[in-house]
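The following report describes a protein model for a reader who has the sequence and the coordinates at hand.

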Amino acid sequence: MHIVTFTRSTPDTAAKVEVDGSGAVTWGDAATVVNPWDEYSLEETIRQADAVGGDSTVIAVGDELHSDSLKHSLAMGIKNAVRVNADGLDVTDSLQWATLAAAAVNNIEDAQVVIFGKEHVDVGSDQATYQTARKLGWTMLSYVSEILELDAEAGTIKVEKTLEQGKQIITAKLPVVMSVLKGINEPRYPSFIGIRKANKATIPEWTPSDLSVELPANSTNTDAYKNPPARDVSSEIIDGADVAEKVAKLADKLMEEKVL
Amino acid sequence: MSVFVFVETFEGTANNVSWEALGAAKPIADAFGTDITAVVFGKNANAIANEAGTFGAAKAIICEDATLDVFRLEPYAALLSQLVQEHKPEAVIAVATNRGRELMASSAVDTNSGLITEATDLSADGNGIQVTRTAYAGKVLQEMTVSTDTKFVTIRGRSFAPNEKDEAATIDVSSVEPVLSEDEIAVKVESFDAEVGKVNLNDAAIIVSGGRGMVNNPKDAPADADDKEIWKAKDGYATVIQPLADTLGAAVGASRAAVDAGYIPYEHQVGQTGKNVNPDLYIAAGISGAIQHQAGMRNSKLIVAINKDGEAPIFKISRYGIVGDLYHVLPALNEELKKRLGK
């Protein structure tokens with residue numbers, strides 16, 4: 001069995017991200033990291049591939065920026081990496097992205113499980129995950145908090161999903177696409193040897209023609225990025241002789257603001 | 001040609017956030033010169049459709065079938081996609097809940113439609129729908145347009161007001177059959193445990209959050225506690241945060257630092273790798289306000305910070321702050337608010 005996962009490079013979580021004068025999104029000199037949610041999907045892919053004695057591949061869909069996240073994934077222990085790119089690809093258009101992602105999975109022999117992180121922090125969405133599953137025609141198992149059983153021989157899987165209303169135990173037949181939550185595992189740090197090996201690796205690039213697909217027309221358009229309006233807060237530190245006076249003043253304010 | 005609004009149900013009742021989707025749909029339907037059709041699947045759909053009528057839906061399409069009682073993507077998406085193909089609505093709008101997200105994304109693929117998620121503002125000009133949303137963990141605003149034949153949009157919860165309720169309104173309800181039968185559905189739900197559902201940060205009007213400062217509990221941990229810090233912090237959530245949350249009818253949140261330290265389960269985490277929330281009131285206690293935390297809560301209407309460190313960055317985005325020990329301030333605040341609220 002081959003387990004496939006996806007990742008992408010996103011600005012360091014502590015970076016100040018803003019829109020510059022030309023309207024482009026920039027994070028200055030800050031480094032990129034693996035999309036924070038993907039640390040868990042990468043780790044889970046390594047563990048599950050080990051458990052079933054299978055192969056693992058990480059895919060990034062997009063430009064050269066994303067190669068760093070692929071190298072990080074290899075350094076963690078994913079066995080293969082590939083980058084899929086297309087002229088004119090708009091990564092904010094989930095249908096375009098999912099079309100390439102699904103075609104790439106179809107190009108991997110014996111792929112039966114795809115594991116995504118919960119969402120993509122750069123585009124601020126998880127829609128491409130569900131759309132990749134739909135393009136593949138595979139069962140989608142979202143918000144997985146634990147993989148209870150992956151039986152390659154029987155072709156079945158049992159997972160725990162954590163939803164807004166509670167936890168569900170679900171069984172399904174392979175092939176499946178999953179999204180996994182933070183907390184499903186404790187992601188490892190890449191080893192020194194892993195990093196050295198990953199740095200030497202050449203990452204193949206697949207184009208739409210390699211995958212026998214055509215990039216569909218845009219289904220949505222990003223018109224502009226803007227900086228959010230400055231938060232209009234005049235901060236007021238509440239003073240008082242003692243705690244009782246301070247909380248009484250704060251309670252007055254909260255009653256006035258009508259938020260209770 | 002109507003505008004569809006997917007109304008979520010859970011165990012036979014409507015998920016109230018869906019009324020916000022009807023509110024968001026109203027100006028869109030007006031711009032396209034059409035009305036709103038509520039789409040309701042599952043137990044009690046007929047009664048819920050009538051409720052949708054009082055919140056602005058002119059029509060409803062319902063399906064009450066056992067295969068749809070518990071939400072599963074396959075039967076829901078198959079049916080929604082078929083309805084979109086038959087009725088060719090101008091738009092389909094839903095709230096970006098767990099289910100709304102995957103359902104809308106899947107039906108958008110089935111019908112080759114564009115989808116924009118988590119709108120915080122919407123407008124339409126008769127051709128397309130313009131959406132404002134956030135990207136890069138809330139750090140940047142993104143303006144997008146969708147203009148495919150049917151336009152799929154999910155809205156962020158608590159960003160749009162419901163239409164005013166009109167008890168006298170009537171609704172034209174039509175009932176349809178499901179597309180998939182039980183043996184055509186690969187996913188089986190074995191069991192369900194509602195315990196974590198109690199957290200529900202997304203719908204909360206008030207959130208009381210505790211951070212790393214929870215560890216400064218003046219109580220002594222019992223000698224047999226495995227980890228004294230964790231014991232102190234957990235005790236603090238139970239004896240200081242939770243009572244205030246109970247007084248206010250609030251949900252309990254936490255910072256990543258607190259979750260990673262094992263003080264409280266992940267379901268409570270607010271911020272970049274947790275929940276993105278926008279309550280009316282957010283009380284941050286013992287939270288310094290790292291940029292990752294701010295990303296998840298800076299859109300709260302009113303932020304109150306309580307922190308020992310007067311230089312903590314959280315104060316810069318807070319309307320009101322108290323510099324002090326949360327273990328002194330919160331119990332006193334709780335007693336004061338109980339008096340004010342008559343509890």
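## Strand pairing and the sheet

In strand β7(A), A:N80 is the bridge partner of A:T57, and A:A81 in β7(A) is likewise the bridge partner of A:V58. The model is a predicted one, and these pairs should be read with that in mind. Strand β6 of chain A, residues 55–61, is joined to β7(A) by five bridges, and the two strands run parallel. Strand β7 of chain A covers residues 80–84 and is mostly covered, since four of its five residues are buried.

These strands belong to an open sheet of ten strands with mixed pairing, in the order β13(A)-β7(A)-β6(A)-β1(A)-β8(A)-β12(A)-β9(A)-β10(A)-β11(A)-β13(B). The edges are formed by β13 (205–206) of chain A and β13 (188–193) of chain B, each of which pairs on one side only. Strands of a sheet pair through backbone hydrogen bonds, either parallel or antiparallel.

## Helix α6 of chain A

Helix α6 of chain A runs over residues 243–256, and at 1.5 Å a residue its 14 residues should span 20 Å; the C-alpha atoms at its ends are 20 Å apart, which agrees with that expectation. Within α6(A), the residues A:K246, A:V247, A:L250, A:A251 and A:L254 are buried. Because these residues cover an arc of only 135° around the axis, they lie on the same side of α6(A). An α-helix has 3.6 residues a turn, so residues three or four places apart point the same way.

What covers the buried residues of α6(A) includes elements of chain B, namely β16 (281–285), β17 (302–307), β18 (320–323) and α8 (326–340). After α6(A) comes A:K258, which has a positive phi, near 55°.

The largest nonpolar core holds 54 residues, and the members that touch the most other members are A:F6, A:I59, A:V61, A:V105 and B:F41. Another core, of 40 residues, lies apart from it, and A:A251, B:Y237, B:A245 and B:L333 are among its members.

In chain B, B:T9 is found in strand β2, residues 9–10. With a relative accessible area of 5%, B:T9 is buried, because that value falls under 20%. Among the residues that B:T9 touches, not counting those up to four places away in sequence, are B:V40, B:F41, B:I48, B:Y76 and B:R99. The C-alpha atoms of B:T9 and B:A31 are separated by 28 Å, although the two residues are 22 residues apart along the chain.

## Chain A as a whole

The secondary structure of chain A comes to six helices and 15 strands. The table collects computed values for the whole chain.

| Property of chain A | Value |
|---|---|
| Span of the C-alpha trace along its principal axes | about 70 × 45 × 40 Å |
| Share of the 260 residues that count as buried | 57% |
| Accessible surface | about 11000 Å² |
| Share of the accessible surface that belongs to carbon and sulfur atoms | 47% |

Among the contacts in chain A between residues at least 6 apart in sequence, 67% join residues at least 24 apart.

Key
Residues are numbered from 1 along each chain as its sequence is written. Chains are lettered from A and ligands numbered from 1 in the order in which they are written. This is a predicted model: local features need pLDDT of at least 70, side-chain atom pairs count only at pLDDT 80 or more; totals for chains, interfaces and linings use all residues. Side-chain values use heavy atoms; hydrogens and water are left out. The expected span of a helix is 1.5 Å times one less than its number of residues. Buried means under 20% relative accessible area, exposed over 50%, partly exposed in between (1.4 Å probe, protein chains only). The arc is that of the directions from the helix axis to the C-beta atoms. Contact means heavy atoms within 4.5 Å. A nonpolar core is a set of buried Ala, Val, Leu, Ile, Met, Phe, Trp, Tyr and Cys residues joined through side-chain atoms within 4.5 Å. Accessible areas come from the Shrake-Rupley method with a 1.4 Å probe; for residues, only the protein chains shown count as cover. Two strands pair if DSSP finds at least two bridges between them.
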